[in-house]
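User: I am new to reading protein structures. Can you walk me through one, feature by feature?

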Amino acid sequence: METNRSANRNRDRGAEPRRSSYRSVRRPVLAMAALLAVLAPSATACGALTPGSAADSGRPRTVPRSTAVPAGDITLKLTFADAPAMVDALIAAFHKKHPNITVEPSYTQFADYVKSVKLTMASDNAPDLAQFAVGMDDIAARGDILDLAPYRDAYGWRAKFPAASLDQLTGSGRRAASGGHLYGVPAGLSMTGVYYNKELAKKAGIAHPPRTLREFEGQLAAVKKAGMTPLGVGALDSGGLHLWAELVNTMMPPKDYRDWVKGAPGATIKTAGTLAATKTLAAWSREGYLDESANGTAQVDSTGQFTRGGSVFLINGNWAAGQLSEAMGKKAGFFLMPGARPHARAVTSGFSVSYAISSRTRHPQAAGAFLDFLGSPEATRIVSANGFLPPDEKAVPMPGGLLGEVARAHRRVTADDGMNHFPDFTAPNMLDPLRAGVQKLIAGRVTPSAYLDALQKVWARQHTTRERARTG
Amino acid sequence: MNTQVRTRPGPGTRRAGRRGRAAWRGYLYVLPALAVYLLFAVLPALHSAYLSLFDWDGVTLGSWTGLDNYREVFADPALRGSVLNALILVVFFAFLPILAGLAMTGLLILPGTSAAGAPRRRPGMGAFRLLFMLPQVVPLVAVGVTWRWLYGDDGLINETLDGLGLGGWSRAWLGDFDWALVAVGIVGAWVLSGLCMMLFLSGVQKIDPQLYEAARLDGAGPVREFVSVTLPQLRGELAVALTVTTVAALAGFDIVYVTTGGGPGEETTVPGLLVYRLAFSDGRVGLASALGVVLSLLILVLVYVINRLSRPQT
């Protein structure tokens, strides 16, 4: 931001060059440089000028162990970035149940939300509730959001929410390893998988979804041979990393993968399994199994092309199911990326739209009541109606068609405890190396092992230096 | 511009006392503007220079690291590569638009020069100006989205290539490792050509008609006239155009952010994008500031060189 401003300044100067002013400009510049030179060492000496502020140890770190909901009029502020319609409906239903508690939502577009949430939660007038996002683990470490573990036990959340979706909200590093903490509660769940066009698949001689990865490879080859594009991938943005993560899910033990995402000491992505997965992705690209313009296609565009028959298979998440079901009806199907053996453990990538409580809130109990409400049958119906997978699937009737296929796949994943984080949850700056790295893999511009090295380097920066600084 | 240099009062012409007081009073007049400039331009710039000496995530307490961030700017191949990309973009953002602007100016001015000696406007000049200036008026984000669609797999450019029987050339331009930077550069050239043309057109109108008359009497044709009269007289405008477009290329962010996000790989990653990403996604405000400072210095040097070169030799 600062550079933009100074660049503008240069531009203004450039637009009307006053050559006569060169000489006179030089003196203030020198003066400023001198000022800077004086400021810099004194800052290190006294620390008052050091940017940022230390964590405030006076604030509570956990919620109280009580499910009592206070009386009297209470207003809770909620900041969020996903599914405004769902949030509005949830808030209205919650208000009906607790008329004295009003939740005021404030919506920010996702990309901006992720960038600003750290500052928002650190400010003195932070909102009471905030949607959980990448980087929240750092916020938890700083003590800006409350540890919800006492509520989990008091409200009995372990029975209301799938274990995997709670496990994803337990912080990172040492905090996660202890397993005792909880920093968010899920409303709607998300999950990735493979969509396929049943009509086109039949033309290529494919009768049913693949049961093993090898069978899937055979199907991709068959589609290629039939002269169609096998797999649509929107690798211009996040489609590529979804494909990579799906392949990793089938070849890396979930426990090792989760340790890596959570920053457990000694965890690594450089394993034989992930190398094989990465090589598979590169090989698929070489064989022409991926859409040849994958690197120039955004996720939404790859989805659009799939609805028009532009590819037989498509990598995407359950968030696309509504659109695909509407556009293609019974033609569209869904399956999870198959494992090495038939009936292998169902593992896929996913996360939740979930919410955390600020440690600056004056109403932790009212906020706790809102989070508990997310596990209620009313909330489940709202979540499901808005295209997310509900935490408690038995509370809603099984939908038909494509949505039903997605829901059934999700039940398998829940039953197998197979929900892995998206890989970018490893570190706030992991998204770009993943996106750029998969693009290079697709274009054959990086070797699989160099790609994994680059990811591990980002991991190390996040989980060794920071962790040391925090605890030291 | 030249007059400013000439009319500047020579030093030492008045008595020292009066001169001192006059100078003091002069600063008083400048004070309001200076205060705003200091507060909103100089101080923030200095503040980021100061932040560049810290390892700071934007929230928690930063720690002093001295010049480590600068060392990383020069050592990290990804950061160096982004500067290189920006320098390549200068070709597209500065040289192409200036050539295009000159060509358009030549075409719009030349045919009318004969009658009274002065460059006359071609009929429909207003419409041309509006048309070529339009890219400047449209928000850059809208420009980026439109071009992303044009470059798309089944976008207009590929459709046209297919229609011409050049289907072998069609590709996802923004996702192609060899072509993405060129594709982004062309967007910039398209945006900035109109601006250059406007600058040159306004410059041409200030040229003394007698120069054209003299050239004509010496038997110069339209091309000779353009090269010998119009072009040298546009020296100042050329300097301005080169400065503005070079800064746009080096400090650019929006077009890249909207079209490619820096991809594929790091092929179109520019420093502006990295500054944003480092500061707001990666929580490395110090490194982002250091990169910003280096970028600003690079721009200052280039702008200085441009202005130096464009000064008329006497």
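**Reading the model**

Analyst: Start with the inventory of chain B: it has 14 helices and two strands. Keep in mind that this is a predicted model.

User: Which residues of chain B does the "transmembrane region" annotation cover?

Analyst: That label comes from an unreviewed UniProt entry, which lists residues 27-46, 86-110, 130-150, 179-201, 238-258 and 285-306 of chain B. Now set the label beside the model. Residues 27-46 of chain B are 100% helix and 0% strand, with end C-alpha atoms 22 Å apart. Residues 285-306 of chain B are also 100% helix and 0% strand. There the end C-alpha atoms lie 31 Å apart.

User: How much of chain B is buried?

Analyst: Of its 314 residues, 41% count as buried. Contacts give another view. Take those in chain B with a separation of 6 or more: 72% of them join residues 24 or more positions apart.

User: What about Asp417(A)?

Analyst: Asp417(A), not a glycine either, has a positive phi of about 50°. Its loop runs between helix H19 (401-415) and strand S11 (419-420) of chain A. Asp417(A) has 14 C-beta neighbours inside 10 Å, so it counts as partly exposed.

Key:
Residues are numbered from 1 along each chain as its sequence is written. Chains are lettered from A and ligands numbered from 1 in the order in which they are written. This is a predicted model: local features need pLDDT of at least 70, side-chain atom pairs count only at pLDDT 80 or more; totals for chains, interfaces and linings use all residues. UniProt positions are given in the numbering used here, feature names are shortened, and annotations may be inferred rather than shown by experiment. Helices (H or I, at least four residues) and strands (E, at least two) are DSSP runs, numbered from the N terminus. A residue is buried if 20 or more other C-beta atoms lie within 10 Å of its own, exposed if 12 or fewer, and partly exposed in between; C-beta atoms are placed from the backbone. Two residues are in contact if their C-beta atoms, placed from the backbone, lie within 7 Å.
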